[in-house]
Amino acid sequence: TWHLKKIPQIVRERTFSLDSPKFEAKPKLELNSVCGIECQRKLPVPSLSDLKNLLSYETVFENGTRTLTEVNVLGAALDPAGNTTTRRPSRKKRQIYGTDSRFSIYDKRFMTNFPFNTAVKISTGCSGILVSPKHVLTAAHCLHDGKDYVKGSKRLRVGLMKTKSRGNGRKRKGTSDGMPSFQWTRVKSTHIPKGWFKGVSGDIALDYDYAVLELKRPHKRKYMELGISPTIKMMPGSMIHFSGFDNDRSGQLVYRFCSISDESNDLFYQYCDAEPGSTGSGIYLRLKEPNKKKWKRKIIAVYSGHQWVDINGEQQDYNVAVRITPLKYAQICFWIHGNDENCTRG
């Protein structure tokens, strides 16, 4: 069951104008030297002043102007247990683990309907997910390398799936034509938490690898609601699901589901088969609504990608996702609505 939680408040304090970014960073689809499972266990709990700094955010507008918004955080429960993880045996893995368990969605009846049609393509080469009539959630590193915005993010566009049609404008009959084309929409503004920037967050940058894009024009599709990420033991079979546009299956929407192997307060470690291109996909669960018989899918994490880390002195790899905690729910919800009144319960 989805459990409602009281959400902390993110309150805008002041906004400053900044110099326009250079937009010179190279996009990276694989991140190295990230604080991994053991490193996460040793991290101190952020203080309230740390949180205010980490959750302040930059906004870049389509004309290249940039602002920094400082925030206050009200009602945050600081976890005295620290950034703990569940201890499970570490495993040596690769991006595709043994048999490739990904599914390419070819049938347009599925592709153009919920939940698959909430997946979008980002023009920098990543994926994302629709979270409101005008907003897309994706990974921060699809737009910013921690020091500067990536090339191509200055004229950022989002591709919404549509099935190809014949020259006369009519859609093709049959269900074997599974190659989606995209209706591209310009991005009006981008929000990235300051916690993603190197020099602010140090080793914990990956905890803040998420961003929200505001589209120039609203789409008319069903979108996926945000949810607060439960712990592994509260998930049916510990299973998560996500769809994205993996580079090795060009032009195809790729769906996968798998179980989570390990978790920290801010991250999920899992072995879902995924290739670059699916980074930024929204990870979702299907749980029951409280006191109702209805099932509902909600986004509980953002897929950050394939990571190499040192574990017991050895290089090991896993796929990692950034959990939507109550604080991140409050921030993303605030970005979508522009106020915290709609974001009191998650």
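Let's start with Phe23, which is buried at a relative accessible area of 9%. Its phi sits near 55°, a positive value in a residue other than glycine. You'll find Phe23 in the loop between β1 (9–18) and α1 (37–42). Keep in mind throughout that this is a predicted model.

**The chain as a whole**

How many helices and strands does the protein chain have? The secondary structure comes to four helices and 17 strands. Of the 346 residues, 55% are buried. The accessible surface is about 16,100 Å², and carbon and sulfur atoms account for 48% of that. As for how the chain connects to itself, take the contacts between residues at least 6 apart in sequence: 74% of them join residues at least 24 apart.

The average pLDDT for the protein chain is 79, with 74% of the residues scoring at least 70. Among the elements, strand β10 (residues 211–215) has the highest mean pLDDT, at 97, while strand β4 (residues 103–105) has the lowest, at 65.

As background, nonpolar side chains in soluble globular proteins tend to be buried together. In this model, the largest nonpolar core has 66 residues, and Leu55, Leu137 and Val158 have the most contacts inside it. Helix α4 (residues 326–337) supplies the largest share of this core, eight residues. There is also a second, separate core of 16 residues, with Trp2, Met235, Cys258 and Cys272 among its members.

Leaving out residues up to four places away in sequence, Leu55 touches Ile10, Val71, Val73, Tyr208, Tyr210, Leu327 and Gln331. Leu55 also belongs to helix α2 (residues 48–55), where the buried residues are Leu51, Leu54 and Leu55. Looking down the axis of α2, these buried residues fall within an arc of 85°, so they line one face of the helix.

Ile299 lies in strand β16 (residues 295–311). Is Ile299 buried or exposed? Ile299 is buried, with a relative accessible area of 0%. Beyond its neighbours within four places in sequence, Ile299 has contacts that include Ile129, Leu130, Val131 and Leu137, plus Met224, Glu225, Leu226 and Gly227. For a sense of the fold-back, Ile299 and Glu225 are 74 residues apart in sequence, yet their C-alpha atoms are 6.3 Å apart in space.

**The disulfide**

Which cysteines form a disulfide? Cys126 and Cys142 do, with their sulfur atoms 2.2 Å apart. That pair links distant parts of the chain, 16 residues apart: Cys126 is in the loop between β5 (119–122) and β6 (127–130), and Cys142 is in the loop between β7 (135–138) and β8 (157–163). The torsion about the S-S bond of Cys126 and Cys142 is about -95°, so the disulfide is left-handed. Both cysteines, Cys126 and Cys142, are buried. The count for the model comes to one disulfide.

Technical notes. Residues are numbered from 1 along each chain as its sequence is written. This is a predicted model: local features need pLDDT of at least 70, side-chain atom pairs count only at pLDDT 80 or more; totals for chains, interfaces and linings use all residues. Side-chain values use heavy atoms; hydrogens and water are left out. A disulfide is a pair of cysteine sulfur atoms within 2.5 Å. Helices (H or I, at least four residues) and strands (E, at least two) are DSSP runs, numbered from the N terminus. Buried means under 20% relative accessible area, exposed over 50%, partly exposed in between (1.4 Å probe, protein chains only). The arc is that of the directions from the helix axis to the C-beta atoms. A nonpolar core is a set of buried Ala, Val, Leu, Ile, Met, Phe, Trp, Tyr and Cys residues joined through side-chain atoms within 4.5 Å. Contact means heavy atoms within 4.5 Å. pLDDT is the predictor's confidence in each residue, from 0 to 100. Accessible areas come from the Shrake-Rupley method with a 1.4 Å probe; for residues, only the protein chains shown count as cover.
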